[in-house]
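Let's take a friendly look at a structure together. We will start with a single chain and then turn to the place where two chains touch.

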Amino acid sequence: MKLLTANFLSCAVKACKSSPLSFPLHFKDAELASKSVPYNPILLSNLLPRLDWPALVTSSSELGFTLPQQKPEITPFTPTSSEDGDAVMSGAGEEDEKTLRMLHKVLMETEVVEGKMVCGSCGFEYGIHQTVANFLLPSHLV
Amino acid sequence: MTSTTPLKLPTPSTSHITSQPVYPPSEDSYLLLDAFSLPSEVAFTTSRFPAATTPPPLLVEIGTGSGVVSAFVAAHALTLFNRRDIITLGLDVSFTANTVTNTTISKACAEHPSTAATFLDSITSDLTTCLKPSCVDILIFNPPYVPTSEHPSLSTLRDGKTQQKVIVNSKSKEDYDMEEYLLSLTYAGGEKGMETTDRLLDQLHQVLSERGVLYLLLCAGNKPVEVVERVTGMGRGWKMELVIERRAGWEILSIWRVYR
């Protein structure tokens, strides 16, 4: 599971959905792998406004990455295409480019292969196996 | 070209699926591909999610099975939605389906790098219960819609340990039973074929964002007219509109969009 995915998940227990403690779920015993993903700076910079940044900082630190406490401000840009068809940032400053590369590595290319995600409200542990998280609750919790 | 002729885009390969018990790409799957490829639907989604001025949509498919539908919309995102800054998630109750889907989508996106969206993950989940509320912008559901006298319970998957392995070739009686059970989950819809779809409609207002749209497949046995009444009866401006309809053997299949 990619680190970014954790920004869209919360505890499957009905009573937990309204609890602020059920998001983000907390990584535990995570085995990480790095998986190459095509770099898409347009996606990353457009995605920033809709991300829950504090939750991302928490998830990242649980996996050993330090993100800035404040959501980075990326200068708006116009997308153009390079010769090989990849989207490139035109007019993006060197600092922005550095930030986006860092975010790409942490959010898109860091994969939890095995491990758990724990709800801060009810304590339920969701297993992650072969990168697939299991959110099917046992019958007694449904 | 008229707006009723779907664009011709390549169908994702599922040749890596050999004997895993997942729902194979079928008439209903292909009808979903055609629905998204209709010029009229491309016009609808591109005006609802305008590129450059609105944040990247989150696209989620429930019950990915082979992964062919998600792979298609993800690989052809630029053509279908006029933007590549889309993130996608796949959900299925079957661990085997999720591992298969990961391969199907990754392969399709790698084959179409200049038009592909970003696929995040497959997650084992009962409908959308794993998701943070109100975050889905495009939701796709090809439900178990066949009317059946019995509706298989999820308890075998919930309480068993069998989800930890990918089933390929059934060897033991246990494997064989599991395979049969997984396949029954892909089609058996219980009364009117609506038992699973009804549960999703109950969750819809908590799952979709304000701009969110559900693409739902129904068969004639689901009594689409009654489903439309139910959706409009939810109030708050919910509506349900027909996108495409087709006879497939003895079934009449239709795709609907539900939004507010």
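This is a predicted model: local features need pLDDT of at least 70, side-chain atom pairs count only at pLDDT 80 or more; totals for chains, interfaces and linings use all residues.

## Getting to know chain A

Chain A holds three helices and six strands.

How much of chain A is buried? Of its 142 residues, 36% count as buried. Taking the contacts in chain A with a separation of 6 or more, 66% are between residues 24 or more positions apart.

## Where the chains meet

Now bring in the second chain. The contact between the two draws on 29 residues of chain A and 33 residues of chain B. On the side of chain A that touches chain B, α1 (41–47) and β6 (132–134) each provide at least two residues. The largest share comes from α1(A), with four residues.

What classes of residue make up this side of chain A? There are 17 nonpolar, nine polar and three charged residues.

## Strands across the contact

Which strand of chain B is joined to β6(A)? The partner is β3 of chain B, residues 118–124, and two bridges link the pair. The two strands run parallel.

To find this spot on your screen, look for A133(A): standing opposite this residue is I123(B), which lies in β3(B).

Conventions. Residues are numbered from 1 along each chain as its sequence is written. Chains are lettered from A and ligands numbered from 1 in the order in which they are written. Two residues are in contact if their C-beta atoms, placed from the backbone, lie within 7 Å. Ala, Val, Leu, Ile, Met, Phe, Trp, Tyr, Cys and Pro count as nonpolar, Asp, Glu, Lys and Arg as charged, and the others, Gly among them, as polar. Two strands pair if DSSP finds at least two bridges between them. A residue is buried if 20 or more other C-beta atoms lie within 10 Å of its own, exposed if 12 or fewer, and partly exposed in between; C-beta atoms are placed from the backbone.
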